[in-house]
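Student: I have a structure open and would like to learn how to read it. Could you take me through it feature by feature?

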Amino acid sequence: MILIGMFDSPFVRRVAVSLRLLEVPFEHRNWSVGRDFELIRQFNPLGRVPALVQPDGEALIDSSAILDFLDDAAGPERALLPPSGAERRRALHIISLTLGAADKSILLLDETLYRPKEKNYAPRIERYRNQMHGALAEIDRLAQMRTAEWMVGPRMTQADITLTCVFTFLCDALELGQSSVLYPGVSALSARCEALPAFGELRAKFTSTHASYPSEHDRAAR
């Protein structure tokens, strides 16, 4: 398989980490929407990442759809999302909050980094910021309430993977000061995951001058 997209995108990275954890071999195409837009459109007419190209040439798009495909191929015993019941609902709830925070952070970056200051709309910026921090605060509350070492159940799930990839992106892109104080539960979980090879070896630090941003990340998980 071939994974298309850069690891500074949390959506691309959560797919890459999942592939590694499921021991699925893949090649990586470090393509930027800003630099390699026409190349990417050969596999995804939307020109967005991630895209996962299968050996027969079929391309899967949208990180959530890709992860569903990988779990189905892995089988219920190895799938990274619990198959049913309360654990699945809890994992999906955490993932939804996490992706929501990522979406709002991208809109916030669009407003504050890429729109001329004289065109910034303060109430909208404040709303995005409140939505992002509101989601993170709720996830942190759940993280501190957990009785197991992972967010859902006794083993790592997609909730942990997605949360870590997004939280690291937010810390890089928005320079969340004192993140360990603001969100101690999420910070502790993220640090634990980032110390694992599957995460640490698949990381590219976000930079606001990157030619691919923001179009590469914009709603890439939807």
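This is a predicted model: local features need pLDDT of at least 70, side-chain atom pairs count only at pLDDT 80 or more; totals for chains, interfaces and linings use all residues.

Student: What is Glu 194 in contact with, leaving aside its neighbours within four places in sequence?

Tutor: Its contacts are Arg 13, Thr 164, Thr 168, Phe 199, Gly 200 and Arg 203. For a distance across the model, take Gly 134: its C-alpha atom is 23 Å from that of Glu 194, and the two are 60 residues apart along the chain.

Student: Is Arg 13 buried or exposed?

Tutor: Arg 13 is buried, at a relative accessible area of 2%. This residue belongs to helix H1. Apart from residues up to four places away in sequence, Arg 13 touches Phe 7, Cys 165, Thr 168, Glu 194, Phe 199, Gly 200, Leu 202 and Arg 203.

Student: Where is Ser 190 found, and what does it contact beyond four places in sequence?

Tutor: Ser 190 is in helix H8, which covers residues 184-194. With neighbours within four places set aside, its contacts are Thr 164, Phe 167 and Thr 168. Ser 190 is buried, with 7% relative accessibility. Between the C-alpha atoms of Ser 190 and Pro 25 there are 24 Å, and along the chain 165 residues.

Student: Next, pairs of helices. How are two packed helices described?

Tutor: The description uses the angle between the two axes and the distance between them. Here, helix H4 (residues 85-114) and helix H5 (residues 122-145) have axes that come within 8 Å and cross at roughly 155°.

Student: Are H4 and H5 roughly parallel or roughly antiparallel?

Tutor: They are roughly antiparallel, because an angle over 145 degrees counts as such. Their crossing is left-handed.

Student: Which residues of H4 and H5 meet?

Tutor: On the H4 side, the residues include Arg 90, His 93, Ile 94, Leu 97, Lys 104 and Glu 111. On the H5 side, Arg 124, Ile 125, Tyr 128, Met 132, Glu 138 and Leu 142 are among them. Sorted by class, this contact of H4 with H5 has 12 nonpolar, five polar and six charged residues.

Student: How do the axes of H4 and H6 cross?

Tutor: The axes of H4 and helix H6 (residues 158-174) come within 9 Å and cross at roughly 20°. H4 is therefore roughly parallel to H6. This crossing is left-handed.

Student: Which residues make the contact of H4 and H6?

Tutor: From H4 they include Ala 91, Ile 95, Leu 99, Ala 102, Ile 106 and Leu 109. From H6 they include Gln 158, Thr 162, Val 166, Phe 169 and Leu 174. The contact of H4 with H6 divides into 16 nonpolar, four polar and no charged residues.

Student: What should I expect of the backbone?

Tutor: Most residues other than glycine have a negative phi, and most peptide bonds are trans. The peptide bond from Val 49 to Pro 50 is cis, with omega near 5°. Pro 50 is in the loop between helix H2 (33-41) and strand S3 (51-53).

Student: Which residue has a phi near 60°, and which has one of about 80°?

Tutor: The value near 60° belongs to Glu 23, in the loop between helix H1 (10-21) and strand S2 (27-29). The value of about 80° belongs to Asp 62, in the loop between strand S4 (59-61) and helix H3 (63-74). Both phi values are positive, and neither residue is a glycine.

Student: Are Glu 23 and Asp 62 buried or exposed?

Tutor: Glu 23 counts as exposed, at 67% relative accessibility, whereas Asp 62 counts as buried, at 16%. Leu 182, in helix H7 (residues 179-182), is partly exposed at 45%.

Student: What is the average pLDDT of the protein chain, and where does pLDDT stay under 50?

Tutor: The chain averages a pLDDT of 90, and 92% of the residues score at least 70. Under 50 are residues 209-222, for which the model has 53 contacts beyond four places in sequence.

Note on methods. Residues are numbered from 1 along each chain as its sequence is written. Side-chain values use heavy atoms; hydrogens and water are left out. Axes are lines fitted to C-alpha atoms, for helices over the stretch in contact, and angles run from 0 to 180 degrees between N-to-C directions. Helices (H or I, at least four residues) and strands (E, at least two) are DSSP runs, numbered from the N terminus. Angles under 35 degrees count as roughly parallel, over 145 as roughly antiparallel, 65 to 115 as roughly perpendicular and the rest as oblique. A crossing is left-handed if the near helix is turned anticlockwise from the far one by less than a right angle, and right-handed if clockwise. Contact means heavy atoms within 4.5 Å. Ala, Val, Leu, Ile, Met, Phe, Trp, Tyr, Cys and Pro count as nonpolar, Asp, Glu, Lys and Arg as charged, and the others, Gly among them, as polar. Buried means under 20% relative accessible area, exposed over 50%, partly exposed in between (1.4 Å probe, protein chains only). pLDDT is the predictor's confidence in each residue, from 0 to 100.
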